[in-house]
Amino acid sequence: LHFVVLSIYFSIHHQKQVKMASLWDLSKRNPFSYPLQSKTQERKIACASPTPEEHSCEFGSAKYYAICGFGGILSCGLTHTAVVPLDLVKCRIQVDPAKYKNIFNGFRVTVREDGFRGLAKGWAPTFIGYSMQGLCKFGFYEVFKVMYSNMLGEEYSYLYRTSLYLAASASAEFFADIALAPMEAVKVRIQTQPGWANTLREGVPKLMQAEGIKGFYKGLPPLWLRQIPYTMMKFAAFERTVEFLYKHVVPVPKSELSKPKQLVVTFAGGYIAGVFCAVVSHPADTVVSKLNSDVGSTPVQAAKELGMKGLWKGLGPRIIMIGTLTALQWFIYDSVKVLFRLPRPPPPEMPESLKRKRAGQV
């Protein structure tokens, strides 16, 4: 019996090793990997003494994805926590527009009733929730981008790169929202229901007692409706905007640009993408705020109660918030890559095989 168990164990272990090896080989052949490396050249995972041309790890390695996930934690967790006051006022405008008429009036009413300390309500669930979301959003995006591009091949990955960005970001955000939903539910209630709870420690047991585990995930479907289109726009618009900037605005190739100047391009591309993100995802964001503030409500009921005009309440402050957020997130994420010396490929270029086909030289 022991012999049979050991045989099964080693068989499964061998299959896992073969599978990991095939995934590793796919990441090496991925068209989004660093183009200066030969596809047949053996590259070391851990670099020795650092030089400007060397990287700390291999593109597509476990270390690469882990650092990308860490960059996502910092980029989303820190930025969302920094704009909690603006987010709080935005949520209150969406839920109670009669009391909080606009962004400036919202700040005045909040400070008058709760003091300046009241503007920080919900910072703890914001930090925890969006840190977890950032880990999944950026980490899984890199994973799915490599996976889908390997499925398409080099030529189709270039031709349909926008669709690839959209698919990879949507897949990543699906899992990221599952990680975010519980903290988002607590955060919105703290911010929009006066007297419900003031801290995360008060809010979690109170929500569990009132609505059970379902209360933490009641807002997940509308959260998907808000976040998946937002993330698709965030990643696709950013990738194509940066590609456009390096092609038509920046006078030199990315490889000849200093790291600080590259980060400036990243920030600019992120802000432009953020404006589009805010507009695309705002109606669903309003429904999420209304849903989490009204016990027993459904997404359809919340949308009907808000009406078409109500769905767009708070768009102004959200454009400011999301534009700044998105720009800072991409800046922080790219800075982490620079700090840890990760491979940062230049914008994609047409493969040579495709150039030959288009020139009629098959």
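This is a predicted model: local features need pLDDT of at least 70, side-chain atom pairs count only at pLDDT 80 or more; totals for chains, interfaces and linings use all residues.
Good morning. By contact I mean heavy atoms within 4.5 Å of each other.

I begin with helix H3, residues 84-95, and helix H4, residues 103-114. On the H3 side, the residues in contact are Pro-85, Leu-86, Leu-88, Val-89, Arg-92 and Ile-93. They meet Ile-103, Gly-106, Phe-107, Thr-110 and Asp-114 in H4.

How is such packing described? For two packed helices, one gives the angle between their axes and the distance between the axes. The axes of H3 and H4 cross at roughly 105° and come within 9 Å. Angles from 65 to 115 degrees count as roughly perpendicular, so H3 is roughly perpendicular to H4.

The second pair is H7, residues 161-192, with helix H8, residues 200-211. Here the axes lie 10 Å apart, at an angle of about 105°; H7 and H8 are therefore roughly perpendicular to each other as well. From H7, the residues Met-183, Ala-185, Val-186, Arg-189 and Ile-190 take part. Their partners in H8 are Leu-200, Gly-203, Val-204, Leu-207 and Glu-211.

I turn now to the surface. A nonpolar patch there is formed by Phe-140, Phe-174, Phe-175, Ile-178, Met-208, Ile-213 and Tyr-217. Together these residues have about 600 Å² of accessible area. Which helix gives the most to the patch? Helix H7 does, with three residues.

Notes:
Residues are numbered from 1 along each chain as its sequence is written. Side-chain values use heavy atoms; hydrogens and water are left out. Patches are made of residues with over 30% relative accessible area and no salt bridge: like charges are joined within 9 Å, nonpolar side chains (Val, Leu, Ile, Met, Phe, Trp, Tyr) within 5 Å. Accessible areas come from the Shrake-Rupley method with a 1.4 Å probe; for residues, only the protein chains shown count as cover. A salt bridge is a side-chain nitrogen of Lys or Arg within 4 Å of a carboxyl oxygen of Asp or Glu. Helices (H or I, at least four residues) and strands (E, at least two) are DSSP runs, numbered from the N terminus. Axes are lines fitted to C-alpha atoms, for helices over the stretch in contact, and angles run from 0 to 180 degrees between N-to-C directions. Angles under 35 degrees count as roughly parallel, over 145 as roughly antiparallel, 65 to 115 as roughly perpendicular and the rest as oblique.
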